[in-house]
Amino acid sequence: MKSRFRSPLAALGLLAFLSNCATTVKEKEKPSNTSQSISMPAVSIASRSDSTGAATTAPDARTTGAASGIAATPATAVASDAAIAAALAADRAAPNTLSAAAASAERAREKKLATADYRQMLADADATLKARPKDAAALLKRAKAKSYLKEYASALPDYTSAIKYERNNPDAYYNRGVNRLMMKQYKAAATDFATAIKYRPDDKESFFGRGVAKMQMYQYKPAVADFSRAIQLDSTYADAWEYRGISYSSFDKLSEARRDLERAAKLNPEAAKTLRRYVGTDEGKAPIKPAPAPRTPRPMPAKK
């Protein structure tokens, strides 16, 4: 089967965390005829709160400006220079790193903000950076504000600078990964998500984001592994079930695709469209497959 389809990122959204958008992926080989493409479902890398429950998870006491990008830094949460140096030496996450659940909740909260809020984020970060140009938290905050405002190219240097000054912050890598997805820099995005996972190995959305990046590079079997890990971390992660089902369908694992897409549709009714599209139904059972190509009849042997 060599169908073509179009995939939005989210984030992966993800496949991103800002808005639904489409880029091209295909099954087994790069599409040569875009007229044969069909649409994939829109999904957010930050994930839909109704499918993952992220919006209902409260941040923990480790919330800081560097990790959240918006929230003020509690005085009691500021790590000592010695703690920061120890974390860097051990190559582990920064001392004030958010938990995976808190990071997910923060992303869901930020996604719901209005354009005016993102512009205020940008202004606040600019004001801080005038006084402290190497402030990693302010650089990350400004980068995220630019990303939310769809200024992806402008955001990238700020993400990179934030990482330069705080290289063990998984939120900086995660958000740069999403930004790179939006810029179609899929290999670099996958690397960023991998680094985010290194510093926060239970972050389901980083696994989901890396899976989306792999889908964009036609690496469907490795993508399945990342979506599977996201599902292991959260069995109600509808977007991961949905995208794993699409990945399975790309290499003819139709029973697995149906199982995943049916589960996704139960968790999020919007996924029912994907179920019909990728494992189309005959009263909900039989997958729709392309009609076989007509065979050229062999010539009859000449009569003697």
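1. In the largest nonpolar core, which has 48 residues, the members touching the most others are Leu181, Phe208, Met215, Phe227 and Tyr243. A nonpolar core here is a set of buried Ala, Val, Leu, Ile, Met, Phe, Trp, Tyr and Cys residues joined through side-chain atoms within 4.5 Å. Helix H9 (residues 186–199) gives this core its largest share, seven residues. A second, separate core has six residues, among them Met121, Leu122, Tyr148 and Leu149.

2. Please keep in mind that this is a predicted model, where local features need pLDDT of at least 70, side-chain atom pairs count only at pLDDT 80 or more, and totals for chains, interfaces and linings use all residues. Residues are numbered from 1 along each chain as its sequence is written, and side-chain values use heavy atoms, with hydrogens and water left out.

3. Now to the helix pair. Helix H10 (residues 204–216) packs against helix H11 (residues 220–233) at about 165 degrees, with axes 8 Å apart. That makes the two roughly antiparallel (angles over 145 degrees, on a scale from 0 to 180 between N-to-C directions). The contact (heavy atoms within 4.5 Å) includes Phe207, Phe208 and Met215 of H10 and Tyr220, Phe227 and Leu233 of H11. By class, it has ten nonpolar, one polar and five charged residues.

4. Beyond neighbours within four places in sequence, arginine 210 contacts Ala190, Phe193, Ala194, Ile197 and Asp226.

Key:
Helices (H or I, at least four residues) and strands (E, at least two) are DSSP runs, numbered from the N terminus. Angles under 35 degrees count as roughly parallel, over 145 as roughly antiparallel, 65 to 115 as roughly perpendicular and the rest as oblique. Ala, Val, Leu, Ile, Met, Phe, Trp, Tyr, Cys and Pro count as nonpolar, Asp, Glu, Lys and Arg as charged, and the others, Gly among them, as polar. Buried means under 20% relative accessible area, exposed over 50%, partly exposed in between (1.4 Å probe, protein chains only).
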